[in-house]
Amino acid sequence: MNETIQTILTRRSIRAFQDRPIPAGDMKLIVQAALHAPSGMGYQTWQFTVVSNPEKIQKLAKAIAAKLGRDGYDMYRPAALIIPSNLKESRFGKEDNACALENIFLAAHSLGIGSVWINQLQGICDEPGIRSVLREFQIPDDHVVYGMAALGYAAAEPGEKERIGKVVEIS
């Protein structure tokens with residue numbers, strides 16, 4: 001089977017990570033994959049913020065937990081976060097970031113690194129407690145975060161999951 005198709009078919013969300021850093025070279029490759037995602041009209045109005053400091057990741061998790069009232073929320077304690085953000089005024093920001101996140105997930109999986117989409121920030125990234133942390137991460141005030149990639153080495157191998165959905169073939 002084609003290696004790309006194999007990567008797509010075997011990638012799973014990972015929600016438990018080992019306490020093991022991701023090599024810098026692998027993170028650079030993953031970010032390169034994000035930068036090569038399609039963007040509406042080629043505008044590329046995004047920014048990719050890589051956070052690998054566990055204390056900073058948990059600071060953001062605590063801010064999210066406080067805003068959402070979710071005690072103990074820790075974003076699965078990843079080894080790293082990639083936070084794609086995009087101009088609030090971008091017509092295609094949400095779609096562009098979704099494409100970039102998919103590239104991130106597939107690139108990570110191809111390198112043996114697990115990932116999961118963290119989606120809580122979209123509606124709350126301008127809340128003062130959240131925005132202050134995002135400013136510390138140098139995410140501009142005129143950017144929205146539609147989703148984040150939590151990355152790390154899987155604590156356990158994910159099992160196979162049946163895929164369901166409707167397929168309509170018209171000939």
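Predicted model: local features only at pLDDT ≥ 70, side-chain atom pairs only at ≥ 80, totals over all residues.
Guide: M75 sits in the loop between helix 3 (54-68) and strand 2 (80-87).

Visitor: What is phi of M75 near?

Guide: Phi is near 55° there, a positive value in a residue other than glycine. Most residues other than glycine have a negative phi.

Visitor: Is M75 buried or exposed?

Guide: M75 counts as buried, because its relative accessibility is 1% and the cut-off for buried is under 20%.

Visitor: And M41, where is that?

Guide: M41 is in the loop between helix 2 and strand 1 (46-51). M41 is not a glycine, yet its phi is positive, about 55°.

Visitor: Buried or exposed, M41?

Guide: Exposed, because M41 has 57% relative accessibility.

Visitor: New topic. Which helix holds D26?

Guide: D26 lies in helix 2 (residues 24-35).

Visitor: How far away is the nearest side chain of opposite charge?

Guide: That is R20, 7.4 Å away. D26 is buried and has no salt bridge.

Visitor: What is D26 in contact with, leaving aside neighbours within four places in sequence?

Guide: L111, I113 and Y153.

Visitor: Now helix 1 and helix 4. At what angle do the axes cross?

Guide: Roughly 105°, and the axes come within 9 Å.

Note on methods: Residues numbered from 1 in each chain as written. Heavy atoms only, no water. Axes fitted to C-alpha atoms, helices over the stretch in contact; angles between N-to-C directions. Helix = DSSP H or I, 4+ residues; strand = E, 2+ residues; numbered from the N terminus. Buried < 20%, exposed > 50% of the residue type's maximum accessible area, 1.4 Å probe, protein only. Lys, Arg positive; Asp, Glu negative; His and termini not counted. Salt bridge = Lys/Arg side-chain N within 4 Å of Asp/Glu carboxyl O. Contact = heavy atoms within 4.5 Å.
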